[in-house]
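Hi there,

Here is the structure I promised to pass along.

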Amino acid sequence: MRKSLQRKLMAGACVMAMTFLAACSQTTTENSQPKMKLAQDDSKVYVGFSLDTLQEDRWYKDKEAFEKKVLELGGEVKTLAANGVDSVQIKQAELLIAEGVDVLVVVPHNAEVSAEIVDKAHKANVKVVSYDRLIKNADVDYYISYDNKKVGQLQAQEILKKQKKGNFAYIGGAETDNNAVLFREGAMEVLQPYIDKGDIKLVYDKYTDEWQPEIAETNMKQALKENNNNIQAVIAANDGTAGGVIHALQAIGKTIPVSGQDAEITGLKRILAGSQTMTVYKPIQVIAEDAAAIAMKAGKNEKIDTTATVNNGKIDVPSILLDPVAVTKSNIDETVIKDKFITEDELK
């Protein structure tokens, strides 16, 4: 807990500092002064990594793996995190652009608002890679993520293995995050035939502002209240929202199937304890390293082979979609532990 608090305090200080610097760099842009490539070696590809947040442990792993791979591939990289503040993320992107990055890799906080980052980058001839979350209504150059509809499908499929009838609740992520919308779409594709047959009744269906576990808990309490505690299963969009749901259930002494996502330590511990049914593992090493390779090629204007296109409301974005993995109590050893994503000691 202390380590997590220290990280948040350090990240918060970084946000304040970068906000000030970004304001200064914006003046430079508006005055049309020549931009300098502020890299140690300006002959190398300079990659900017704009993160929504570092307030969740998951993103430290992305940052570490991404930066390491860029360096291995001969590039230089600078990462800034906005801690969930749209205006800060935009200013930080402006700073990276003003510093002369060749390519900008963005994990957007808000899928719509972040379109402004793409516009600013393209005006400076900087390509943009949308990382894990899709930036909407913008000319994004490339998108890399996991198949997010499949994430939702896996969540629903694993819950159905435990409960095929009754009242279900859906506790989603932030509606401003395009991934959350896709998770729900995937889950509903699996649940709909059961709903049509009358086996399942979706009695509560709500997104969770900012992915906050506390809000998910409040929503779940409301769902229980509206249905006299008569709910048999919950599709929760990630491990954070699952934690909120489970707190609400524990308050009334109820244990039912609950899904999750991200393979967080807390979620995996709940799976081992039996209060959470599953999580979805999206190997961070794979997406981070692939994103770094895309960024380096984009920075060199080299051809990038993609596997799909995803429409973001404006264009069909050239995309690479990776396969997520369902994790249950029976396969933790063969998945997250085998990949050294989590150690056995961390789960004790």
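Below is what I found, going from the whole chain to a few particular spots.

Please keep in mind that this is a predicted model. The mean pLDDT of the chain is 91, and 89% of its residues reach 70 or more. Residues 1-33 are the stretch to treat with care: their pLDDT is below 50, although the stretch has 27 contacts in the model beyond near neighbours in sequence. Where pLDDT is low, the predicted coordinates should not be read in detail.

The chain has 348 residues, and 53% of them are buried. Its secondary structure comes to eleven helices and twelve strands. Of the contacts between residues at least 6 apart in sequence, 70% join residues at least 24 apart. The accessible surface is about 15800 Å², with 49% of that belonging to carbon and sulfur atoms.

After α2 comes G74, with a positive phi near 95 degrees.

Now for the aromatic rings, which form five pairs in the structure. In one of them, F66 and Y131 have ring centres 6.4 Å apart and planes at 90 degrees, so this pair is edge-to-face. The pair links distant parts of the chain, with F66 in helix α2 and Y131 in strand β4, 65 residues apart. F66 counts as buried at 0% relative accessibility, and Y131 is likewise buried at 0%. Another pair is Y281 with F341: the centres are 5.1 Å apart and the planes at 55 degrees, so the pair is tilted. Y281 lies in strand β9 and F341 in the segment after α11, so this pair ties together parts 60 residues apart in sequence. Both Y281 and F341 are buried.

Lastly, S114 is in the loop between β3 and α4. S114 is buried, with a relative accessible area of 2%. Beyond its neighbours within four places in sequence, S114 is in contact with Q89, P108, H109 and I135.

Best wishes

Key:
Residues are numbered from 1 along each chain as its sequence is written. This is a predicted model: local features need pLDDT of at least 70, side-chain atom pairs count only at pLDDT 80 or more; totals for chains, interfaces and linings use all residues. Side-chain values use heavy atoms; hydrogens and water are left out. Helices (H or I, at least four residues) and strands (E, at least two) are DSSP runs, numbered from the N terminus. Buried means under 20% relative accessible area, exposed over 50%, partly exposed in between (1.4 Å probe, protein chains only). Contact means heavy atoms within 4.5 Å. Accessible areas come from the Shrake-Rupley method with a 1.4 Å probe; for residues, only the protein chains shown count as cover. pLDDT is the predictor's confidence in each residue, from 0 to 100. Rings of Phe, Tyr and Trp (its six-membered ring) pair if their centres lie within 6.5 Å; planes under 30 degrees apart count as stacked, over 60 as edge-to-face and the rest as tilted.
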